[in-house]
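Hi everyone, thanks for coming. I'd like to walk you through one protein today, so please have a look at the screen.

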Amino acid sequence: MALEAILLWAVIGLIAGWLASAVVGGGYGLIGDIVVGVVGAFLGGFILRALGTGAPFGGLAGTIFVAFIGAVVLLLILRLIHSSTARRV
């Protein structure tokens, strides 16, 4: 994979992760937001494909939107896991 592609994934992940943490609340810092955004991109793509749809618009903005949707879902799942673990202790 070319360096430009890795940097593009990092930028998309950072933007999507930061937006998702601003909406859902709580952040994981710079590296955490990048990871949440990149994992969210895969999750968002999976969710939208399962629903039989795609990004509502093309290009970089559409990619960030899909990653944002997935990052929000991922943060909500992480919050559920964290709250259920905290209750047990």
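What pattern does the protein follow, read along the sequence? The pattern is α-α-α, with three helices and zero strands. Helices here are DSSP runs of H or I with at least four residues, strands are E runs of at least two, and both are numbered from the N terminus.

A word on where this comes from. This is a predicted model, where local features need pLDDT of at least 70 and side-chain atom pairs count only at pLDDT 80 or more, while totals for chains, interfaces and linings use all residues. Residues are numbered from 1 along each chain as its sequence is written, and side-chain values use heavy atoms, with hydrogens and water left out.

Now the overall picture. The C-alpha atoms fill a box of roughly 45 × 30 × 25 Å along the principal axes. Of the 89 residues, 29% count as buried, where buried means under 20% relative accessible area, exposed means over 50%, and partly exposed is in between (1.4 Å probe, protein chains only).

Let's go inside. The largest nonpolar core has 13 residues, and those touching the most other members are Ala20, Val36, Ala67, Phe68, Val72 and Leu75. Such a core is a set of buried Ala, Val, Leu, Ile, Met, Phe, Trp, Tyr and Cys residues joined through side-chain atoms within 4.5 Å. H1, H2 and helix H3 (59-88) each supply at least two residues of this core, and H3 gives the most, with seven.

Which residues does leucine 75 contact, leaving aside its neighbours within four places in sequence? They are Ala20, Ser21, Val24, Tyr28 and Val36, with contact meaning heavy atoms within 4.5 Å.

Finally, the aromatics: the structure holds two aromatic pairs. Rings of Phe, Tyr and Trp (its six-membered ring) pair if their centres lie within 6.5 Å; planes under 30 degrees apart are stacked, over 60 edge-to-face, and the rest tilted. Tryptophan 9 and phenylalanine 42 are stacked, because their ring centres are 5.4 Å apart and their planes at 10 degrees. That pair links distant parts of the chain, 33 residues apart, from helix H1 (residues 3-24) to helix H2 (residues 29-50). Tryptophan 9 is partly exposed at 34% relative accessibility, whereas phenylalanine 42 is exposed at 56%.

Phenylalanine 57 and phenylalanine 65 form a tilted pair, with 5.6 Å centre to centre and 50 degrees between the planes. Phenylalanine 57 is partly exposed at 41%, and phenylalanine 65 is partly exposed at 31%.
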